[in-house]
Amino acid sequence: MECKQAVLLMHDYLDEDLPLEQEAQLKSHLDTCPECRAAFRRLEETEMMLFAANRKSESLSVSEDMTDRIMSFLPQPKKHSPAWSWIRRHPALTAAAAFILIMVGTSIGFWNADTQLVLKGNDLNRVQVEGNTVTVPEGTIIGGDLTVERGELRIYGDVEGNVTVIDGTSYQASTAHVAGQVKDINQALDWVWYKLGNIVSEVAYK
Amino acid sequence: MDNLETRLVKLALKGDQRAFAEIVDLYKDRIFHLAYRMLSNRHEAEDVVQETFLRVYRNLDRYDPGQKFSTWIYRIGTNLSIDRLRKRKPTYSLDAEIGDQDGADGYALIPGDNRTPETEYMISETRTTIHEAIDGLPPKYKTVMILRYLQELSLQEISDVLDMPVTTIKTRVHRGREFLRKKLESQQH
């Protein structure tokens, strides 16, 4: 073993961090190298003195009234509500919850956004619109889908596609004939599903 | 797993002021010694003690019971002391040294247990050499040496307090030890 490495091992030994195997190697080196033996003794002495010199200073103590002084300095106990400390302990969950809240908030906001009638479909010139009421007159044939948002739909004639009523009401007279499906959507959640379905089908058709 | 400190913290969090006073009693001297060795100034060290406990109190709800309480409070006390060391103007530390010579640093005045005046003198001389040597070290070595030899923390605990790898702490202890060895040798010759 070289003396340089021996010095490193000496320090590890003093740190009480030297594996037994290496300790044996160090010992055998010290047996053969008087210089390292002397160096080790000095290091050991230094270590002991370092501990001893500092330990005695335990008799140095802080002012006796320190505890009282600190206690008088303390601000009034903070009253954290349990919710607040929960938030501080779970930042990730809080962020997720906030995200969901905003998402739901905006979709509902969207849903309630306006009260105007929206009419979508083919052959819109053939339907009659009065206020919020949309009428498919008797004998009229609408050659495709018909969608009414926030309105009342009255069908007396024929619709060859699907009929969708969102947030409104529909009425079919005995003379009415709808070739496709009739869908009534009145709730926010249904509306979301409907929108999602639209996106999916749009993508699918492209 | 519920040790004394964790129980006291829980009580203090519920607003029990006496429990917090007990935490102060448990740690005030240790933090004071740490700060005093770091700053060599009694007044500043007491300020650090007060600030440390104020911070502990304010952040009590953030204390993680999975960590040793001593590690947490040492970290706060060490950081406050290092901050003060860094903010110091060079002339200030000189003033502090001179001002502290007689009163506050009372090591030499404390009577020994069974020692003759001569051995007492030698020991206090060695002690002074060691304290002065540590005091003269750059803050990063000084902190490690004080935590190791005054607070008698293990290398792992020091690494937790300072949030540094154990290997870094080891290197600093080794260099500090070599430095002190040379200082003590030059004193003997």
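In which loop is Glu152(B) found? Glu152(B) lies in the loop between H7 and helix H8 (155-162) of chain B. The model is predicted.

**Chain A overall**
- Chain A contains 7 helices and 11 strands.
- Of its 206 residues, 16% count as buried.
- Where contacts in chain A join residues at least 6 apart in sequence, 21% of them link residues at least 24 apart.

**A four-stranded sheet in chain A**
- Four strands of chain A form an open sheet in the order S2-S3-S6-S9, and the pairing is mixed.
- Strand S2 (128-130) and strand S9 (169-172) of chain A are the edge strands; each has a single partner strand, so one side of each has no neighbour in the sheet.
- On average, neighbouring strands of this sheet are turned by 15° against each other, with direction ignored.
- S2(A) and strand S3 (residues 133-136) of chain A run antiparallel and are joined by 3 bridges.
- Val129(A) has Val134(A), in S3(A), as its bridge partner.
- In general, the strands of a sheet pair through backbone hydrogen bonds, in either a parallel or an antiparallel manner.

**Contact between chains A and B**
- The contact involves 35 residues of chain B and 29 residues of chain A.
- On the side of chain B that touches chain A, at least two residues each come from helix H2 (17-39), helix H3 (42-58), helix H6 (117-136), helix H7 (139-150) and helix H9 (166-188) of chain B.
- H2(B) gives the largest share of that side, with 9 residues.
- Sorted by class, the side of chain B that touches chain A holds 17 nonpolar, 8 polar and 10 charged residues.

**Residues with positive phi**
- Most residues other than glycine have a negative phi.
- Arg150(A) is not a glycine, yet its phi is positive, at about 55°.
- Arg150(A) sits in the loop between strand S5 (146-149) and strand S6 (152-155) of chain A.
- Arg150(A) counts as partly exposed because 15 other C-beta atoms lie within 10 Å, a count between the limits of 12 or fewer for exposed and 20 or more for buried.
- Glu152(B), also not a glycine, has a positive phi of about 55°.
- Glu152(B) counts as exposed because it has 11 C-beta neighbours inside 10 Å, and the limit for exposed is 12 or fewer.

Conventions. Residues numbered from 1 in each chain as written. Chains lettered and ligands numbered in written order. Predicted model: local features only at pLDDT ≥ 70, side-chain atom pairs only at ≥ 80, totals over all residues. Pairing = 2+ DSSP bridges. Axes fitted to C-alpha atoms, helices over the stretch in contact; angles between N-to-C directions. Contact = placed C-beta atoms within 7 Å. Nonpolar A, V, L, I, M, F, W, Y, C, P; charged D, E, K, R; others polar.
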